[in-house]
Amino acid sequence: MGGTVLAPQAWICRATPPATASAQAASAGPLAGLTFAAKDNIDAAGLPTTAGCSAFAYIPPASAFVVQKLLDAGASLLGKTNLDQFACGLNGTRSPFGAVPNAFHPAYVSGGSSSGSAYVVATGQADFSLGTDTAGSGRVPAGLNNIVGLKPSRGLISARGVVPAAQSVDCVSIFARTVATAVQVLENAMAHDALDPYSRRLVLASEPFAPAFRFGVPATLEFYGDRAAEAAFAQAVDRLQSLGGIPVAIDFAPLAQVAALLYESALVAERYTAIRSFFDAHEAEVVEPVRSIIAAGRKYSAADLYEVQTEVKRLGQQADAMWSCSADGRSEGPPQARPAPPRGSEPHAVGSVGANIDVLVVPTAPTHYTIAQMQRDPVVLNRRLGAYTNFVNLLDYAALSVPSAVRADGLPFGITLIGPCGSDWQLADLGQRYHHATGLTQGATGLPLPAMRAIAGLRKPATVRVAVVGAHLSGMPLNTQLTERGAVLAGPAETAPDYRLFALPGTTPPKPGLLRVGAGRGACIALEVWEMPLAAYGSFVALIPAPLGIGTLALRDGSTVQGFVCEPEALHGALDISHLGGWRAYMTSLKTAAA
């Protein structure tokens, strides 16, 4: 495979022509037609691997395990992308090949260390890309560039053929413009690799989160004075509630303490170990502040490392108590459907212990910085970018960064969904629903999001068809009782001509009563049919007040469905509105009369 060395910034080397495994794979493989880039600490046969340092460069005889898997699946490799040197940094400016700009505003950082990989996806140059993630490098660049960053459970993707940053916690990550593409790549990239000492056989959770899922939000949040980011996150919490989520305030202190240990303890010794022989011989070839960070790893003893590893475990025990399932991704039982509080309500004020959350939600990055700001204060500002990412791999969590908003100043804002090891498909399902609810376009391309795709690794939950005729119709006051439970509109329909509809007096909000009167005595009444997860059906029925109830309705097409019915005794003196054909027409008639 030949290569062309390029000008600074996003690309370090392009494959000429793009690399493929075979003509057959390129035309018939599951990833056929998709192009990708690899961060330049990931080997691709025949192309130099630099890890952002020319003195370190070598030509690998074989591709990294993950690159070969993707080539065999039919994807075409376009080349190698820029990175913070030796994957040490979260901002994209620590490279002798040049700083990678933000895809939306070139004065701002792209995020790192997988800066080039994020940029080429955000700008539409590649369909997806590979990054690596130790401290957040597969998430921060995604959040800052309006794309998806999938950081899988550790060991799910082999890291053989990847220059390590901190091998015991490294992950190969995936950037894409949609969750569906990222999932498709993960499906073809993941595999146990006996030659990777940290590869694992993992059983991923196959049940989606409950319709009324509980999402943790840090009780205290730091945005470093960035009001736009603060407002964007508040909007994200509201949007998650509209998807059925119940916000739960959690004590973020144990997670923040773990995050601080990544660079401020003996854990940094693993970064030195990763390139020890090269670093000891060529320290001057390493840029600052990467040089100082790696050099600091020399001073720690084995005793220091054991001490901090025990501290991580201690803090992890505290943090793991917040989950509604065990920390290894094996559910302790199917989550029960829980009714969500009204939208706009404050998160429940509970701490991490016993919080019983399904997913943790944080800002992917708390703010944006310009390249000039980052270069003036490279250590402090870089640390701030990792405020909500550094703890994830140390505590063996899975994470997915998804776009959330483009702020008034034109800069993107993303959120990260975090779950226990093995929750990858669950995060993808929620992340895809969330991303599509934003109405954003793909990266910096301006292209609309395509239709959502089912997450193949999740079992489709059993559903029940529920017909609504009044206040639960789309746009009506009680419709959220359906959407909070994950119900999806199947479409409009009509009853068989055997029913009459009445406006019930004294109900708040106004409600109708539907009564079956028999063939030839009724009318066809307009309604909507919704598909509701069976697990949520009981909590929905429990909300229905007398004299209303649920029974079996006959539809005009001859089918039957569960739907609202009314006790006959409650209809004495009620206004018969059957001639209008439905509740929506009746409500419109009231507005017309009032005008």
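Which residue in β22 is the bridge partner of Ala 467? In β22, that partner is Gly 563.

## Basis of the model

This is a predicted model, in which local features need pLDDT of at least 70, side-chain atom pairs count only at pLDDT 80 or more, and totals for chains, interfaces and linings use all residues. Residues are numbered from 1 along each chain as its sequence is written, and side-chain values use heavy atoms, with hydrogens and water left out.

Helices (H or I, at least four residues) and strands (E, at least two) are DSSP runs, numbered from the N terminus.

## The five-stranded sheet

Five strands form an open sheet in the order β17-β20-β16-β22-β21. Pairing is mixed. Two strands pair if DSSP finds at least two bridges between them. The edge strands are β17 (488-494) and β21 (548-554), and each of them pairs on one side only. From one strand to the next, the twist averages 35°.

Start with strand β16 (residues 463-468). Antiparallel to β16 runs strand β20 (residues 526-533), joined to it by 6 bridges. Arg 465 has Glu 531 as its bridge partner in β20. Helix α17 (residues 534-541) packs on this sheet and touches β16, β20, β21 and β22 (560-566). Contact here means heavy atoms within 4.5 Å. The direction of α17 makes about 125° with that of β20. Such angles run from 0 to 180 degrees between N-to-C directions, and axes are lines fitted to C-alpha atoms, for helices over the stretch in contact.

β16 also pairs with β22, in the parallel sense, over 2 bridges. β22 in turn pairs with β21 in the antiparallel sense, over 7 bridges. Gly 549 stands opposite Val 565 in β22. The hairpin of β21 and β22 has 5 residues between the strands. In that hairpin, Gly 558 takes a positive phi near 95°.

## The three-stranded sheet

Another open sheet has 3 strands, in the order β19-β18-β23, with antiparallel pairing. β19 (512-516) and β23 (575-576) stand at the edges. Each has a single partner strand, so one side of each is left without a neighbour in the sheet.

Strand β18 (residues 499-503) pairs with β23 over 2 bridges, in the antiparallel sense. Phe 502 has Asp 576 as its bridge partner in β23.

Is strand β5 (residues 128-133) mostly covered or mostly open? Mostly covered: 6 of its 6 residues are buried. Buried means under 20% relative accessible area, exposed means over 50%, and partly exposed lies in between (1.4 Å probe, protein chains only). Phe 128, Leu 130 and Thr 132 point one way from β5. Ser 129, Gly 131 and Asp 133 point the other way.

Strand β3 (residues 35-39) runs parallel to β5, and 3 bridges join them. Ala 37 stands opposite Ser 129 in β5. Strand β7 (residues 171-176) runs antiparallel to β5, with 6 bridges joining the two. In β7, Phe 175 is the bridge partner of Ser 129.

Helix α5 (residues 179-189) packs with α15 at an angle of about 160°, their axes 9 Å apart. The two are therefore roughly antiparallel. Angles over 145 degrees count as roughly antiparallel, under 35 as roughly parallel, 65 to 115 as roughly perpendicular and the rest as oblique. The crossing of α5 and α15 is left-handed: the near helix is turned anticlockwise from the far one by less than a right angle, whereas clockwise makes a crossing right-handed. Val 179, Ala 180, Val 183, Leu 186 and Glu 187 in α5 meet Trp 425, Ala 428, Gly 431 and Gln 432 in α15. By class, this contact has 6 nonpolar, 2 polar and 1 charged residues. Ala, Val, Leu, Ile, Met, Phe, Trp, Tyr, Cys and Pro count as nonpolar, Asp, Glu, Lys and Arg as charged, and the others, Gly among them, as polar.

Helix α6 (residues 227-242) also meets helix α15 (residues 424-438): their axes come within 11 Å and cross at roughly 115°. α6 and α15 are therefore roughly perpendicular. Their crossing is right-handed. Ala 236, Arg 239 and Leu 240 in α6 meet Tyr 434, Ala 437 and Thr 438 in α15. The residues of this contact divide into 4 nonpolar, 1 polar and 1 charged.

## A loop residue

Glu 288 lies in the loop between α9 (276-282) and α10 (290-295). Its relative accessible area is 42%, so Glu 288 is partly exposed. Glu 288 and Val 379 are 91 residues apart in sequence and 10.0 Å apart in space, C-alpha to C-alpha.
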